[in-house]
Amino acid sequence: MEDANTRAEKAAERGEAHRLAGRNEAAVKAFTRAITIVPGYPFALGSRGQALWAMGDLDAALADFDRAIELDPRLGWVHLERGRLLTKVGRDQEALADYDQAVELEPGHAPAFLDRALLHRFAGRLEDALADLDSAAELESHLPYVFGERGEVKRRLKRYEEALADLTLAIDLDPDSSDFYLERAWVRHELEQSEEALADVNVALAARPDDSDGLELRGTLHRLAGRTVEAVADLDRAIELNPGALLAIMVRGGALMVLRRPDAAYADFSRAIELGLDDAGTWVSRGQAALDRHMLEDALADAEAALEREPDHVDALLLRGAANEKLGRYPEAARDLKRVSVVAPDVLLGWAAEVREDDSDLGHAMEESLKTTAAETLTVAARDLVADAEAQTVNAAEFAEMEAFLRVGDTDDAAVVETRLARDPGDAFALALRAVLDRSAGRRDTALADLDAIVRADPAAEWATTLRRTMDPGGPGGADRLTGLGLPPIIEVICVLAMTGGADLVRTALPDGAWILSDMLENPPKPPPA
């Protein structure tokens with residue numbers, strides 16, 4: 001007759017066969033029979049815990065794992081199972097202790113390293129996760145999941161080339177895994193291998209058409225490739241499947257801006273902020289949408305929010321400048337442009353080159369800010385100069401300060417003026433400057449000829465006629481009084497423009513005015529010494 005231990009072992013063997021076949025209720029009965037025969041049977045307790053967990057009875061499963069470990073603390077596989085269950089219920093620190101025990105008790109068992117690696121990864125301990133995955137890969141070089149997980153961790157560590165190699169190996173080992181294709185697509189996206197990334201994500205979506213992550217990535221790839229309509233279609237579906245998909249929401253917002261749908265874009269950027277995306281770039285994106293919706297105060301508020309988070313954020317400065325310009329706050333707009341020229345001169349130069357081709361409200365607004373702000377401020381300054389000259393209340397020292405205000409590079413240099421005229425013989429502003437330089441050098445007839453050329457080309461150029469009158473002895477008007485004050489030619493010409501045609505004329509004739517304005521705001525005049 002068989003002894004109790006033998007009968008218990010046979011019952012446990014039957015239970016394990018049922019469990020492996022998915023017959024968990026039968027497995028529980030068989031394991032319970034074994035435990036009844038031998039109440040302190042650790043294997044049967046641990047195995048029954050596995051079957052109970054598969055049936056969803058987590059409390060009973062945990063009780064069996066606890067009892068089995070209490071009876072035999074050296075059972076590494078039970079520590080591993082309990083660690084997995086504790087991970088599932090969110091008791092991560094206790095789970096980590098079990099995984100540590102499992103690794104210590106069975107250092108040659110790859111799953112213990114793999115499960116601990118997953119816990120590390122979810123907790124953000126990527127280097128620890130990578131170390132465990134390296135160990136698992138050494139123990140089980142044929143398991144695709146190990147290389148797939150390691151590829152994902154390396155992507156998060158920005159070790160993209162290594163990640164690509166691991167994921168390619170995982171796909172070689174398991175060509176049917178859509179997860180590996182999708183993860184490799186993300187890596188290729190980071191490596192700017194857009195076509196290869198698109199091919200991988202298409203494979204993944206062929207297997208799982210409603211994978212929100214895959215749709216999010218494909219939408220992003222379409223957006224980067226300029227396929228805006230296709231991008232929005234994929235992103236719409238990704239967001240429908242996962243309303244909290246932040247990347248999809250932000251990318252769709254940008255795509256909607258391109259499609260001239262600022263209302264919908266504004267809603268997307270607002271949703272991203274509600275979901276906790278609180279960086280400067282998101283506020284700027286919503287502010288740009290607000291600007292295109294002509295919600296100027298809202299655009300200004302979003303620019304301010306961005307600058308609170310990142311004080312010298314270039315796009316936020318440009319946005320605030322655009323909003324201020326549209327609100328008629330020209331000095332404030334110019335200060336922002338000046339700040340951009342200080343913190344990111346290359347960005348400003350690139351933007352200035354592109355803005356003329358930008359057909360958005362933001363592009364138009366910033367171009368207007370460059371022109372209108374300069375013209376308005378210069379006109380006021382120039383008229384003040386003329387008024388002070390007429391009242392004879394300004395001395396030479398004060399005008400020297402004004403010269404520093406209004407100078408544009410070396411435009412008082414005759415060689416620079418000639419270079420401008422070589423590029424464009426009809427450059428009215430350069431002709432006027434040369435006329436003033438010639439008059440100062442006593443070449444009155446040559447000066448008058450240049451001014452006559454301006455009037456012939458544009459009979460409505462009253463400013464040139466006014467400037468010509470200042471070169472006639474005893475000519476009337478306030479502007480001619482500037483002649484005797486020894487002003488630099490450029491200041492004299494600006495004053496005539498301002499007095500004759502106001503800001504509109506200054507803006508037309510003085511395209512470099514933005515930089516004059518910037519200098520004025522950065523270096524305000526100091527009162528002359530007493």
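**Loop residues**

I started with Lys158, which is exposed at a relative accessible area of 61% (exposed is over 50%, buried under 20%, partly exposed in between; 1.4 Å probe, protein chains only). I am working on a predicted model, where local features need pLDDT of at least 70, side-chain atom pairs count only at pLDDT 80 or more, and totals for chains, interfaces and linings use all residues. Residues are numbered from 1 along each chain as its sequence is written, and side-chain values use heavy atoms, with hydrogens and water left out.

I checked the backbone of Lys158 next. Its phi is positive, about 65°, although Lys158 is not a glycine. I placed Lys158 in the loop between α9 (144-156) and α10 (160-173). Helices here are DSSP runs (H or I, at least four residues; strands are E, at least two), numbered from the N terminus.

I then looked up Arg260. Arg260 has a positive phi of about 60° and is not a glycine either. Arg260 lies in the loop between α15 (246-258) and α16 (262-274).

Residues 8-41 are 79% helix and 0% strand, with end C-alpha atoms 8 Å apart. Residues 76-109 are 79% helix and 0% strand, with end C-alpha atoms 9 Å apart.

**Rings**

How many aromatic pairs does the structure hold? I found two. Tyr41 and Phe43 form a tilted pair, 6.4 Å centre to centre with 45° between the planes. Rings of Phe, Tyr and Trp (its six-membered ring) pair if their centres lie within 6.5 Å; planes under 30 degrees apart are stacked, over 60 edge-to-face, the rest tilted.

I noted that Tyr41 is buried at 16% relative accessibility. Phe43 is partly exposed at 33%. The rings of Phe43 and Trp77 have centres 5.8 Å apart and planes at 55°, so this pair is tilted. It links distant parts of the chain: Phe43 is in helix α3 (residues 42-54) and Trp77 in helix α5 (residues 76-88), 34 residues apart. Trp77 is partly exposed at 22%. Ring pairs join Tyr41, Phe43 and Trp77 into a cluster.

**Charges over rings**

Arg121 lies over the face of Phe122, 4.5 Å from the ring centre. Arg293 lies over the face of Tyr266, at 4.8 Å from the ring centre. The cut-offs are NZ of Lys or CZ of Arg within 6 Å of the ring centre and within 35 degrees of the ring normal.
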